Amino acid sequence: MEGRQKYFDEALSDFVHDAASGGAIRHLVDLGYSLTQIMQALSYPTPRERVQKTVYRYMLESGMLLKMLPGLEEGVFTLVSLQARDRGRLFLYLQEKINQNGRENVYLSCPFGIMQEENSGKAAKELMRSRLSCLNKREQDYILGIPWENSVMYHRLNDRMREIGWKLIEQPELGCCYFFLKTKEMVTVKRES
């Protein structure tokens, strides 16, 4: 009987949370808000861990965040490696590919879960912030607010990731790449030798 009561209590809690905050959280995720911004925007007090769980679940369900790209395991992507020295040409090339594929078919690889697993607790957050120093605080908060799994994940190119992606692609040591699903291209940037 105790197990049933616990199940009922959890289901009721989930229902109340969804009614009070769930729709607002999903809407703010669609707008590209970071976890911190979402917490500040909510009018109903909700624990941070619960909001983070809701954000993550919605990102996975909506396809904004993928654990695996379609076709990646079969090796259908052609590798395109560009030089970082000519920013103008790099961004023009990426913009052309984004236009060709449509933003809904462009993903950025995100190895942040692997980076977080290297350390734990406060040290991991500080290490991640230093590795993401090319991003401003708002952009870092967005990345750090996602509970990345210990593998490479793929984030759809919404407005927020577009802004962040421009900066991350210029940091080859981070291991972020653009994936264009329609044209089946994987774009990386390499430093001048």
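These are my notes from looking through a predicted model.

**Overall layout**

I started with the element list: the chain has eight helices and six strands. Reading from the N terminus, I get the order α-α-α-β-β-α-β-α-α-α-β-α-β-β. Of the 193 residues, 44% count as buried. I also looked at contacts with a separation of 6 or more, and residues 24 or more positions apart account for 69% of them. The accessible surface comes to about 10,700 Å², with 51% of that belonging to carbon and sulfur atoms.

**The sheet**

Next I traced the strands. The six of them make an open sheet with mixed pairing, and I wrote the order down as β1-β4-β3-β5-β6-β2. Its edges are β1 (65-66) and β2, each of which pairs on one side only. I then checked how β1 is held to its neighbour: β1 and β4 (residues 153-156) pair in the antiparallel sense, over two bridges.

**Helix α4**

Which residues of α4 are buried? I noted Leu90, Phe91, Leu94, Lys97, Ile98 and Asn101. Looking down the helix axis, I see these buried residues fall within an arc of 125°, so they line one face of α4. Lys97 and Asn101 are on that buried list too, and I marked them for myself. Turned away from the buried side are the exposed residues Arg89, Leu92 and Asn99.

What covers the buried residues of α4? My list includes the strands β2 (78-83), β3 (106-110), β5 (178-180) and β6 (185-190), along with helix α8 (159-168). Past the end of α4 comes glycine 102, and I read its phi as positive, near 80°.

**Aromatic rings**

Last, I went through the ring pairs and counted five. For tyrosine 178 and phenylalanine 180, the ring centres are 6.0 Å apart and the planes sit at 10°; stacked means under 30 degrees, so I logged this pair as stacked. Are these two buried or exposed? Tyrosine 178 is buried, at a relative accessible area of 0%, and phenylalanine 180 is buried with 0% as well. Elsewhere in my notes, ring pairs link Phe77, Tyr154 and Phe179 into a cluster.

How values were computed:
Residues are numbered from 1 along each chain as its sequence is written. This is a predicted model: local features need pLDDT of at least 70, side-chain atom pairs count only at pLDDT 80 or more; totals for chains, interfaces and linings use all residues. Side-chain values use heavy atoms; hydrogens and water are left out. Buried means under 20% relative accessible area, exposed over 50%, partly exposed in between (1.4 Å probe, protein chains only). Helices (H or I, at least four residues) and strands (E, at least two) are DSSP runs, numbered from the N terminus. The arc is that of the directions from the helix axis to the C-beta atoms. Contact means heavy atoms within 4.5 Å. Two strands pair if DSSP finds at least two bridges between them. Accessible areas come from the Shrake-Rupley method with a 1.4 Å probe; for residues, only the protein chains shown count as cover. Rings of Phe, Tyr and Trp (its six-membered ring) pair if their centres lie within 6.5 Å; planes under 30 degrees apart count as stacked, over 60 as edge-to-face and the rest as tilted.
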